Amino acid sequence: MALIKTRARGLKLDDTFAFTGTVSGAGGGITEADQWRVVSNFSGDANPIASNWERNDTDFSKIGTGLTESSGIFSFASTGIYLVMAEWVGYYNGDSKYNEYEIQVTTNNSSYNVRGNTSQFLQQTSSDNGDGNCGCHCIIDVTDTSNVKFRISFSAADNSTTTKGDTNMNRTYFTAIRLGDT
């Protein structure tokens, strides 16, 4: 029961009344939000990035149950429409074209399709490494938590391209937020 103060016809500003009905419509708040990051650097391809993941534990607390991870495959705790936003940071000692970072989704717990893709050209300037970052996003309709899952993949143009990870801050990471019901 909520107490509401209002100025309505026949009521004075300080009159209080009890509302015992229900409120419907948009809102209700976010019920699931989670964030995971790669904790250490690695070089070359990773399809998927299968190790060195941790849930962000620096000034962060997940909302809801959160995701689970096994060998780089992420599973959802509940059905719904999710926004997944993935970010990559890396470098190469030279010029490196066509470094691709992807969000891959399965709806049958078997075959994966690319749902978000971005590419980064790393270009060395003077004596510094070619540093870069890129991000990709997608919305996933999770109709079945046993079958709908996702993974993050990195394809390096050169095997010496390094993906940056860190256990104290987000470098290569993703955020997943449940937007609403499916």
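In this predicted model, I73 sits across from R151, a residue of strand β12. The two strands involved, β7 (residues 73–75) and β12, run antiparallel to each other and are joined over three bridges.

**Strand β12 and its partner**
- Strand β12 covers residues 149–155, and six of its seven residues are buried, which leaves the strand mostly covered.
- Strand β7 pairs with β12 in the antiparallel sense, and I73 is the residue that faces R151.

**Residue N108 in its loop**
- You can find N108 in the loop that links β9 (96–106) to β10 (113–122).
- Is N108 buried, exposed or partly exposed? Its relative accessibility is 40%, so N108 counts as partly exposed.
- A polar atom of the N108 side chain lies 2.9 Å from the backbone nitrogen of S110.
- The backbone nitrogen of S111 also lies 2.9 Å from a polar atom of the N108 side chain.
- Although N108 and V148 are 40 residues apart in sequence, their C-alpha atoms are 6.4 Å apart in space.

**The cavity**
- How many cavities of 30 Å³ or more does the structure hold? There is one.
- The largest cavity has a volume of about 40 Å³.
- Its lining is made up of E32, A33, D34, G66, L67, Y82 and A176.
- Sorted by class, the lining of the largest cavity has four nonpolar, one polar and two charged residues.

Note on methods:
Residues numbered from 1 in each chain as written. Predicted model: local features only at pLDDT ≥ 70, side-chain atom pairs only at ≥ 80, totals over all residues. Heavy atoms only, no water. Helix = DSSP H or I, 4+ residues; strand = E, 2+ residues; numbered from the N terminus. Buried < 20%, exposed > 50% of the residue type's maximum accessible area, 1.4 Å probe, protein only. Polar contact = N/O pair within 3.5 Å; in protein donor to acceptor, adjacent residues only side chain to side chain. 1 Å grid on protein atoms, 1.4 Å probe; cavity = no way out; pocket = protein on both sides within 12 Å on 5 of 7 lines; lining within 4 Å. Points joined across faces, edges and corners; volume = space filled by probe spheres on them. Nonpolar A, V, L, I, M, F, W, Y, C, P; charged D, E, K, R; others polar. Pairing = 2+ DSSP bridges.
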